[in-house]
Amino acid sequence: MNIRELSLLLKPEQAALVLDEQSRFYLTGFAASDGALLVTRDASFFWTDSRYIEAAEATVTDAAVILQEPNLYAQAEPVLKKAGITEILTEASRLSVQDLNNWRVNLRDYTYNVSNHLDLMISSLREVKLPEEVEKLDRAQRIAEAGFRATLPYIKPGARERDIANELEYNMKKNGADGISFETIVVSGANSSKPHGVPGDKCVEDGDFVTIDFGALYEGYHSDTTRTVAVGHVTDEMAKVYDIVLTAQKAACDALQPGLAAADYDKVARDIITEAGYGPYFGHSLGHGVGVEIHEHPFCGPRSGSILQAGNVVTSEPGIYLPGRFGVRIEDMLLVTQEGSRNFCRLPKELLVLK
Ligand code: ZN
Ligand code: ZN
């Protein structure tokens with residue numbers, strides 16, 4: 001579906017060779033573990049094997065769908081010749097050395113561009129979501145939220161972290177998820193100080209913070225949300241830290257608009273946490289892009305060079321993690337719009353103390 005946009009970025013003598021699974025899916029709208037896409041200015045070709053050919057013919061509209069024979073190179077050669085191609089652009093960050101060698105050995109008459117040129121072209125397209133992509137992200141978010149709401153009653157003293165994670169994943173699938181965006185994070189008490197901790201056999205205890213980072217996959221698009229809830233009661237310090245993270249998270253959401261540098265977006269939240277004295281305990285970036293991959297451009301950290309633009313989908317996820325004690329992270333996923341931003345997430349984010 002995005003093949004045409006890529007073809008417009010190419011010179012007449014260039015062909016883009018796309019073998020990576022996520023990039024192929026993004027460009028064709030067709031999910032398959034195997035396939036090759038060749039895009040030129042005037043025509044595009046998608047090779048896939050017999051397992052996928054029928055479905056591919058029904059889905060891929062912007063490229064000629066070809067049944068892949070054992071020798072793909074022999075099939076590609078006349079296509080490249082006819083189009084007058086001299087240079088093949090490759091995805092340097094995703095193409096294996098073995099695949100590149102195979103192309104070089106089998107199709108010798110071409111220059112292989114192994115710079116990040118094609119990577120940048122594809123990420124510049126992927127960064128700006130089309131309306132149909134936004135719809136899928138919305139749907140993924142609705143599913144994840146329904147799963148989360150259904151799981152809240154399971155979060156109580158005695159519940160194992162891994163059981164809460166399993167319950168949440170089950171509830172997301174029951175509500176229509178094709179899968180999970182990533183391995184669900186459920187960490188409680190002292191474990192919650194690990195930003196990307198793995199749910200284990202620890203049981204939730206009275207007085208714990210429980211941080212839950214979760215997402216649903218829907219038609220190839222991911223959602224990403226984090227909530228930290230308290231169980232039973234909170235200390236004054238826990239409430240204070242939660243409030244600082246919430247203030248920082250909301251301020252970043254409010255500041256999000258086209259033209260804002262991603263590094264400045266990060267700084268909005270980071271300054272609030274730093275001024276409150278917890279700067280050293282917010283070690284990761286404020287956010288990242290989300291789409292056909294859970295982490296994608298634009299990345300929003302202190303060293304990001306990106307300027308945010310309408311159509312970007314990014315997270316706002318500041319956190320404070322006090323080693324060996326507790327941690328808090330709050331994460332929403334937002335769409336940058338012409339006017340500012342729109343939050344995909346409808347879950348409340350005020351401190352929830354489960355009794
Ligand atoms: Zn997350
Ligand atoms: Zn995230």
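**A covered helix and a zinc site**

Mentor: In this predicted model, the buried residues of helix 6 are Leu118, Asp119, Met121, Ile122, Ser123, Leu125, Arg126 and Glu127.

Trainee: How many of the residues of helix 6 are buried?

Mentor: Helix 6 spans residues 117–127 and is mostly covered. Its buried residues pack against helix 1, strand 1, helix 2, strand 5, strand 14 and strand 15.

Trainee: Which geometry is assigned to the donor atoms around the zinc ion (ligand 2)?

Mentor: The protein donors of this ion are Asp224 (OD), His288 (NE2), Glu317 (OE) and Glu331 (OE), lying 2.1 Å from it. A tetrahedral assignment would need all angles between 85 and 135 degrees. Because the 4 donor atoms subtend angles of 79 to 152 degrees, the arrangement is irregular.

Trainee: Which residue coordinates both the zinc ion (ligand 2) and the zinc ion (ligand 1)?

Mentor: The two zinc ions are 3.1 Å apart. The donor residues of ligand 2 follow the spacing D-x63-H-x28-E-x13-E in sequence. The residue that coordinates both ions is Asp224.

Trainee: Is His288 buried or exposed?

Mentor: Residues under 20% relative accessible area count as buried. His288 has a relative accessibility of 6%, so His288 counts as buried.

Methods. Residues numbered from 1 in each chain as written. Chains lettered and ligands numbered in written order. Predicted model: local features only at pLDDT ≥ 70, side-chain atom pairs only at ≥ 80, totals over all residues. Heavy atoms only, no water. Donors = N, O, S within 2.8 Å, 3.2 Å for Na, K, Ca; no water. Tetrahedral: all angles 85-135°; square planar, octahedral: opposite > 155°, others 65-115°. Buried < 20%, exposed > 50% of the residue type's maximum accessible area, 1.4 Å probe, protein only. Helix = DSSP H or I, 4+ residues; strand = E, 2+ residues; numbered from the N terminus. Contact = heavy atoms within 4.5 Å.
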